[in-house]
Amino acid sequence: MRRPLFAGNWKMYTNTREAGELAAGVRKQLGELDAVDVVLCPPFVYLADVVDVVRGSRIGVGAQNTHWEAQGAFTGEIAPAMLKDIGCTYVIIGHSERRHGLGETDQLVHKKTAAALAAGLTPIVCVGELLEEREQGKTNSVLERQVHGFLKGLPSESLGRIVIAYEPVWAIGTGKTATPAQAQEAHIFIRKEAAKATTPAVAAGMRILYGGSVKPDNAKELKSQPDVDGALVGGASLKADSFAAIARAAIK
Ligand code: PGA
């Protein structure tokens, strides 16, 4: 059984007050819920505040990025051990806004995933095709490259912890969601490729989240797909009510 997971990606939004209030609001609504795992991913500078607000609840905290080295002369970067040190348990890696906006390669995503695992974090690794890639029938080849690109060569004992987020780039922040059937088809394909890169047992236990314009009114249908194990939520995670409604919609 794969435990459903709902992660809120706050991106570069909120300030000190808003981050505290949002975390407190989510805690109030979902803090005791044990049917699903809930994770909040605020900007780096509010991570410690959010860790404080959710302490003692069932809610986890994750960063939106990490460096791949344990320490060193990397001005402006944050190491996975630092995230762990302040109470993070998750980290989003290879989000499309970083792959396509900041030039992150499959190789970099692999290195960051390996580093996150080594530090004891749970990586949420994002994959997904651009609109033109989908229109050209290249969705599967892109997903295949991205999945093998980050999974290949990771230590086998930590593979079970990995979470994958399928986020078709054309659905992120656009209000255009993949249909449940499109999501299911991509998730099955990703699981099949993950099985080749690891083992069938590891892939069968791996949580694959859907991301891209998930809202309270489409969450239930998406989550009802057998290979959709939860969601990575952007815009709708910035309001405690809508994020909580999404997580609750997934409970049968
Ligand atoms: P969205 O973002 O829900 O605003 O589309 C999802 C994401 O980028 O993780």
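1. The side chains of E129 and W170 are joined by a polar contact of 2.9 Å. A polar contact here is a pair of N or O atoms within 3.5 Å; within protein, one must be able to donate a hydrogen and the other to accept it, and residues adjacent in sequence count only if both atoms are side-chain atoms. E129 also makes a polar contact of 2.9 Å with the side chain of Y166.

2. The model is predicted: local features need pLDDT of at least 70, side-chain atom pairs count only at pLDDT 80 or more, and totals for chains, interfaces and linings use all residues. Residues are numbered from 1 along each chain as its sequence is written, and side-chain values use heavy atoms, with hydrogens and water left out.

3. E129 sits in the loop between β5 (122–127) and α6 (131–135). Helices (H or I, at least four residues) and strands (E, at least two) are DSSP runs, numbered from the N terminus. E129 is buried, at a relative accessible area of 0%. Buried means under 20% relative accessible area, exposed over 50%, and partly exposed in between (1.4 Å probe, protein chains only). Residues up to four places away in sequence aside, E129 touches R134, T139, V142, L143, Y166, E167, P168, V169 and W170. Contact means heavy atoms within 4.5 Å.

4. A polar atom of the T66 side chain lies 3.5 Å from the backbone oxygen of I78. Beyond four places in sequence, T66 touches residues including I78, P80, V91 and K112.

5. Now the ligand. It is surrounded by 13 residues, the closest being K11, H95, E167, G173 and S213. A residue is near a molecule if one of its heavy atoms lies within 4 Å of it. By class, the shell has four nonpolar, seven polar and two charged residues. Ala, Val, Leu, Ile, Met, Phe, Trp, Tyr, Cys and Pro count as nonpolar, Asp, Glu, Lys and Arg as charged, and the others, Gly among them, as polar.

6. An N or O backbone atom of G173 lies 2.6 Å from a ligand oxygen. For G235, the corresponding backbone distance to a ligand oxygen is 2.9 Å. A polar side-chain atom of N9 lies 3.5 Å from an oxygen of the ligand. The protein covers 96% of the 280 Å² of accessible area that the ligand has on its own. Accessible areas come from the Shrake-Rupley method with a 1.4 Å probe.

7. The largest nonpolar core has 65 residues. Such a core is a set of buried Ala, Val, Leu, Ile, Met, Phe, Trp, Tyr and Cys residues joined through side-chain atoms within 4.5 Å. V26, L40, F150, L151, I162 and Y210 have the most contacts inside it. F150 touches V109, H110, T113, V125, V127, I162 and I164, leaving out residues up to four places away in sequence. Apart from this core lies another, of 12 residues, among them C41, V163, A165 and L209.

8. Two exposed loop residues complete the note. V45 has a relative accessible area of 64% and lies between β2 (37–41) and α2 (47–54). P226 has 59% and lies between α10 (216–223) and β8 (230–233).
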